Amino acid sequence: MNIIATILQLVGSLAFLLFGMKMLSDGIQKSAGSRLQAALGFMTGNRMLAFITGLVLTFIIQSSGATTAMEVSFVNAGLMTVKQSVGVTLGANVGTTITAWLVVFFGFNFKISSFAIPIFGLGYIITLFKKWKKQALGEAIMGFGMLFIGLSWLSDTIDPDNGTLNFLRHFADFGAWSILIGIVVGMLITALIHSSSAESAIVITMAYNRLIPWEFAAALVIGSNIGSTIDAVLASLKSSAPAKRAALVHVLFNVVVVLAACVFFNPFLNLIDFIVPGTPETNITYHIAALHTVLKTITALLCLPFTGQIAWLTEKLIPETEDAVPTEYVFEFNETGGRENATSYIVRVEKEIQDMTVLVTKMFEGVSSGFKNRDDSFIDNNIEELTRQEDFADQMKEQITKYLINCSHLPLSTHQIRSLSIMQQIVDELEEMTDDCYNVALLLKKSIDNKMEFAQEDMDRLEPYLDLARQSMYFVSTNINQHLDKDKLLIAKEIEAQIDVFRHNLKRVARKRLEAGANVKTELLYIDIVRKIEKFGDRAYSIANSLSEF
């Protein structure tokens, strides 16, 4: 019974620790909102700037996994190159070590556990005052308190005086094999809990309670480097080749870190002993924190001058695949199982919406060819492809909608919640635009099949009308996922107004021809085409209105 009680206490303490770190990270992300995206979007070709950005961003959100997942999404969306991502990855790996120092200073030196419950209460009080609009900050403070409550409970649970977990000491009794065991265990624990920071906090707590010796603790921390790559790998699943390369940079760097630490294990530990005052027995927490930081800092600085070469290597390992025409759309919400990063998910869905505008553009141009070549060649060359594209657009709408619903459960700022709603409106309008394109194509096919004759002057009148619809479409494509100011929205409104004027004039001419005895079926079909094109322009203007609210 004592063993069962200890295990339950251990699980509960770890749950408090992990949930506290999640609340802290989520609260910060909600507070920062789109500013995190803007921070990563600030990337330039300057490798040092990329390194500093990755370091600072990871320190702020307390998760290298969240930073690298965001970075992979940026590369997938074409907002960042693989070369730029190398610098961010190196900085993120150094930034994640700062958590260990916070744990050492507040958890064991300052003993913040005594104030953890009042801190949690303060955070909760802040969340109650809605007028302050600081709920996210309150959640972050609550998470900070929970983190150290869990850390204190964990320390009490694994106290060697209890004797229950003293068997862990035996893992350090296998000589050189103990180092390998520690690395593998550290890797597995980190992959399981999706946080090298949390794994380091656990190791520091065990070492502080004399449950494991310095060498074995060092091996556990070293192993966490490989385990921490799981978030980047999961974020790159079913992404583009550049996104997979960005994830590979994270994996390669951490594998190199571990290999270097294994080769120079004893000299490296001697270096830490030399840098940190006191012996490992008397100052173990600072030794472990220093080991984590020094190891990643040295390797990051050694790799930083070779960002171009590292990016080149990933291109060789993951070559660009030929773009086959997809028959089925797949867009899955891949949960990492750790601290989900809202910004990375939003960037991913923005990329899909951008792809959807490209699909609309292709369909419109395919349909436009039918006005120039209204014969059997249009049917043979375009109808089958337009049918496939329209079905593909339906799949996109369905799966992007599901994705947006899943995104709504992430830690989001008020602005991001509103953005998801706007994205859904845009996706609905884009899918309707593909329907309009397909319906116009079917009307053209009907006119060809029934050998309907249109006067050349009537077809000539449609050319400027189509050009206006094309302008509205390219306006949307150019500005998709961006906020439209009043001046740009006015441009969209002017295009839409001109489309309305053209539609009115074209329909009036068609009605006059009907009154003059023209073929009823031909003229009604012509009016239907005019109406469908006008609807296309209306939907483009509706998207522009939505973008003005971004």
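Modeller: Happy to! This is a predicted model. Let's start with helix H9, where the buried residues are Ser-178, Ile-179, Gly-182, Ile-183, Gly-186, Thr-190 and Ile-193.

Colleague: Where do those sit around the axis of H9?

Modeller: They lie on the same side of H9, because they cover an arc of only 140° around the axis.

Colleague: And which exposed residues are on the face turned away from the buried side of H9?

Modeller: That face carries Trp-177, Leu-188 and Leu-192.

Colleague: How many residues does H9 have, and how far does it reach?

Modeller: H9 runs over residues 176–193, so to speak a stretch of 18 residues. From first C-alpha to last, H9 spans 26 Å, close to the 26 Å expected at 1.5 Å a residue. Just after H9 comes His-194, with a positive phi of about 55°.

Colleague: New topic: is Thr-96 buried or exposed?

Modeller: Thr-96 counts as buried because its relative accessible area is 3%, and the cut-off for buried is under 20%. You'll find Thr-96 in the loop between helix H5 (82–95) and helix H6 (98–109).

Colleague: What does Thr-96 touch?

Modeller: Leaving aside residues up to four places away in sequence, Thr-96 touches Thr-58, Ser-64, Ser-196, Ser-197 and Lys-296.

Colleague: Last one: which residues form the nonpolar patch on the surface?

Modeller: Met-48, Ile-52, Val-56, Phe-59 and Ile-60 do, with about 400 Å² of accessible area together. Ile-52 belongs to helix H3 (residues 47–61), and at 43% relative accessibility Ile-52 is partly exposed.

Methods
Residues are numbered from 1 along each chain as its sequence is written. This is a predicted model: local features need pLDDT of at least 70, side-chain atom pairs count only at pLDDT 80 or more; totals for chains, interfaces and linings use all residues. Side-chain values use heavy atoms; hydrogens and water are left out. Helices (H or I, at least four residues) and strands (E, at least two) are DSSP runs, numbered from the N terminus. The expected span of a helix is 1.5 Å times one less than its number of residues. Buried means under 20% relative accessible area, exposed over 50%, partly exposed in between (1.4 Å probe, protein chains only). The arc is that of the directions from the helix axis to the C-beta atoms. Contact means heavy atoms within 4.5 Å. Patches are made of residues with over 30% relative accessible area and no salt bridge: like charges are joined within 9 Å, nonpolar side chains (Val, Leu, Ile, Met, Phe, Trp, Tyr) within 5 Å. Accessible areas come from the Shrake-Rupley method with a 1.4 Å probe; for residues, only the protein chains shown count as cover. A salt bridge is a side-chain nitrogen of Lys or Arg within 4 Å of a carboxyl oxygen of Asp or Glu.
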